[in-house]
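I set down here what I looked up in this structure, entry by entry.

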Amino acid sequence: MKVIGTLKHERVGIMGGSFNPIHLGHLVAAQEVLTDLGLSRIIFVPANRNPFKDGSEYADSFHRYIMCVIATSPNPDFEVSPVEIDRSEPSYTVETLKYFRNELGGETDLYFITGADVVREMKKWKHIREFSPLCKIVAVTRPHVDNYREEVEFFEGIELSVTFLRIPALSISGDDIRQRIREGRSIKYLVPESIELYIRKTGLYKRIQDEGQNGLTTGNVGDVQ
Ligand code: ATP
Ligand code: MG
């Protein structure tokens with residue numbers, strides 16, 4: 001996808017994730033970052049899935065992309081990029097950041113948005129030391145993940161810029177939503193109504209295949225998915 005319409009020193013947020021499915025926790029986090037840091041837009045980037053390792057719990061990239069488009073379409077400041085799902089296999093986040101750096105130009109300030117759970121894992125990412133010239137990192141709070149001290153020290157150690165942002169606590173996760181669907185429980189008010197309808201219409205997450213359950217995790221952005 002060609003990203004167009006950049007402004008000088010535009011501030012753009014990149015929000016990666018499996019979005020399996022996208023839910024209100026993602027949307028609130030993105031909106032809070034947009035407003036608090038004065039960004040002009042947020043680009044949601046659903047991750048690719050490895051076709052050989054996944055069980056049906058990890059919905060097809062096509063469906064996750066479509067759900068992101070549906071959920072973000074009412075918001076003029078939100079966009080969705082297929083850059084990761086267009087690749088033939090899962091890729092490193094740093095490749096995506098380089099892609100946007102290239103597409104948007106050196107004048108644009110990039111903000112990579114993560115939840116507190118993911119920022120905790122980032123120290124293990126293979127290319128984390130390459131992030132610094134590419135973007136700033138924004139870590140939003142997430143219920144049940146409270147220890148930021150370690151991350152701050154770690155990121156200072158490798159000179160990465162991390163902004164921690166406290167956002168309204170929404171104890172919503174893709175994992176819980178998928179479990180509710182399997183158990184026939186409601187997901188009303190946890191996802192936009194359009195996503196609830198899409199999931200019902202497509203039958204997503206209802207069946208779990210035995211194979212692949214030991215494969216990829218269902219969630220985190222980043223390296224080696
Ligand atoms: P799963 O349970 O499948 O991992 P998830 O809810 O964690 O799903 P992801 O697609 O893994 O969703 O998350 C994408 C990004 O959004 C991550 O950086 C994650 O930390 C963040 N995020 C997800 N849910 C919330 C939430 N409720 N509050 C704050 N951040 C969130
Ligand atoms: Mg996750």
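What percentage of the 225 residues in the protein is buried? I found that buried residues make up 39%, a residue being buried if 20 or more other C-beta atoms, placed from the backbone, lie within 10 Å of its own.

I noted the conventions. The model is predicted, so that local features need pLDDT of at least 70 and side-chain atom pairs count only at pLDDT 80 or more, while totals for chains, interfaces and linings use all residues. Residues are numbered from 1 along each chain as its sequence is written, and chains are lettered from A and ligands numbered from 1 in the order in which they are written.

I counted seven helices and six strands, taken as DSSP runs (helices H or I, at least four residues; strands E, at least two) numbered from the N terminus. I read their order as β-α-β-α-β-α-β-α-β-α-β-α-α.

I then looked at the largest nonpolar core, which has 51 residues; such a core is a set of buried Ala, Val, Leu, Ile, Met, Phe, Trp, Tyr and Cys residues joined through C-beta atoms within 7 Å. Among the members that touch the most others are Ala30, Val33 and Ile42. Helix α1 (residues 24-36) gives the most to this core, with five residues.

For Ile42, leaving aside neighbours within four places in sequence, I listed contacts (C-beta atoms within 7 Å) with Gly13, Met15, Ala30, Val33, Leu34, Asp77 and Phe78.

Last, I recorded that helix α2 (residues 61-72) and helix α7 (residues 193-202) pack at about 150 degrees, axes 9 Å apart. Helices α2 and α7 are therefore roughly antiparallel, the term for angles over 145 degrees.

Methods. Axes fitted to C-alpha atoms, helices over the stretch in contact; angles between N-to-C directions. Parallel < 35°, antiparallel > 145°, perpendicular 65-115°, else oblique. Buried ≥ 20, exposed ≤ 12 C-beta atoms within 10 Å, placed from the backbone. Contact = placed C-beta atoms within 7 Å.
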